[in-house]
Amino acid sequence: MVVPNDVGKDGLLKLVLVVACALIDPDGRVLIAQRPEGKTLAGLWEFPGGKVEAGERPEQTLIRELAEELGVTVEEPCLAPLTFASHAYDDFHLLMPLYVCRRWTGVVTGREGQATRWVRADRLRDFPMPPADEPLIAHLVDLL
């Protein structure tokens, strides 16, 4: 999940904390979502999630974002941290923890017009992803 931001008053890149989740189904496939038209990096595939809001913990962000974006309910104990990405974009630096979740309620539905796909971890590289998401794939391949 990529969220653009601007350079801070001191001229340094702002650090943006975004959290992502690899939902894993009973067949060991990972859910990815395609960024819809009109958003930064439209058309690229990513792990669902979003920007951590002020006063919000990363787990709270994922619970909120997964409900808003995909219509699924996740309980905090079902979120397990796996790894993180640290990536410098032109106008901000992204820090993105990746959580794994194997248990949720509801049916995954792209509620913001985004396409979704269940993909085997070793096929994730077949889908164009934002630069920050790409290094996360190796960790999922190792896990699954």
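A search through the whole structure turns up three aromatic pairs. Here, rings of Phe, Tyr and Trp (its six-membered ring) pair if their centres lie within 6.5 Å; planes under 30 degrees apart count as stacked, over 60 as edge-to-face and the rest as tilted. This is a predicted model, so local features need pLDDT of at least 70 and side-chain atom pairs count only at pLDDT 80 or more, while totals for chains, interfaces and linings use all residues. Residues are numbered from 1 along each chain as its sequence is written, and side-chain values use heavy atoms, with hydrogens and water left out.

One of the pairs is made by Y89 and F92, which are stacked, with 5.1 Å centre to centre and 20 degrees between the planes. Y89 counts as buried because its relative accessibility is 13%, and F92 counts as buried at 2%. For these labels, buried means under 20% relative accessible area, exposed over 50%, and partly exposed in between (1.4 Å probe, protein chains only). W104 and W118 form a stacked pair too, at 5.8 Å centre to centre and 10 degrees between the planes. Since W104 sits in the loop between β6 and β7 (116–120) and W118 in strand β7, this pair ties together parts that are 14 residues apart in sequence. W118 is partly exposed, with a relative accessible area of 28%. Helices (H or I, at least four residues) and strands (E, at least two) are DSSP runs, numbered from the N terminus.

Next comes the inside. The largest nonpolar core has 25 residues, and I32, F47, M96, L124 and L140 have the most contacts inside it. Such a core is a set of buried Ala, Val, Leu, Ile, Met, Phe, Trp, Tyr and Cys residues joined through side-chain atoms within 4.5 Å. Two or more residues of this core come from each of β1 (14–23), β2 (29–34), β6 (92–101) and α2 (136–143). The largest share is that of β6, with five residues. Apart from this core lies another one of 15 residues, including C21, L70, L79 and W104.

Helix α1 (residues 58–70) has 13 residues and reaches 17 Å from its first C-alpha to its last, close to the expected 18 Å (1.5 Å times one less than the number of residues). Its buried residues are E59, T61, L62, E65, L66, E69 and L70. Seen down the axis of α1, they fall within an arc of 150 degrees, so they line one face of the helix; the arc is that of the directions from the helix axis to the C-beta atoms. The buried residues of α1 pack against β1, β2, β4 (49–51), β5 (79–88), β6 and β7, where contact means heavy atoms within 4.5 Å. Just after α1, G71 takes a positive phi of about 70 degrees.

As for the strands, β1 is largely enclosed by the rest of the structure, because seven of its ten residues are buried. Eight bridges join β1 to β6 in a parallel arrangement, with V16 standing opposite L94 in β6. Three bridges join β1 to β4, and these two run antiparallel; A20 has G49 in β4 as its bridge partner. Two strands pair if DSSP finds at least two bridges between them. There is also an open sheet of three strands in the order β3-β2-β7, with antiparallel pairing. Its edge strands, β3 (45–46) and β7, each pair on one side only. Two bridges link β2 to the antiparallel β3, and A33 stands opposite E46 in β3.
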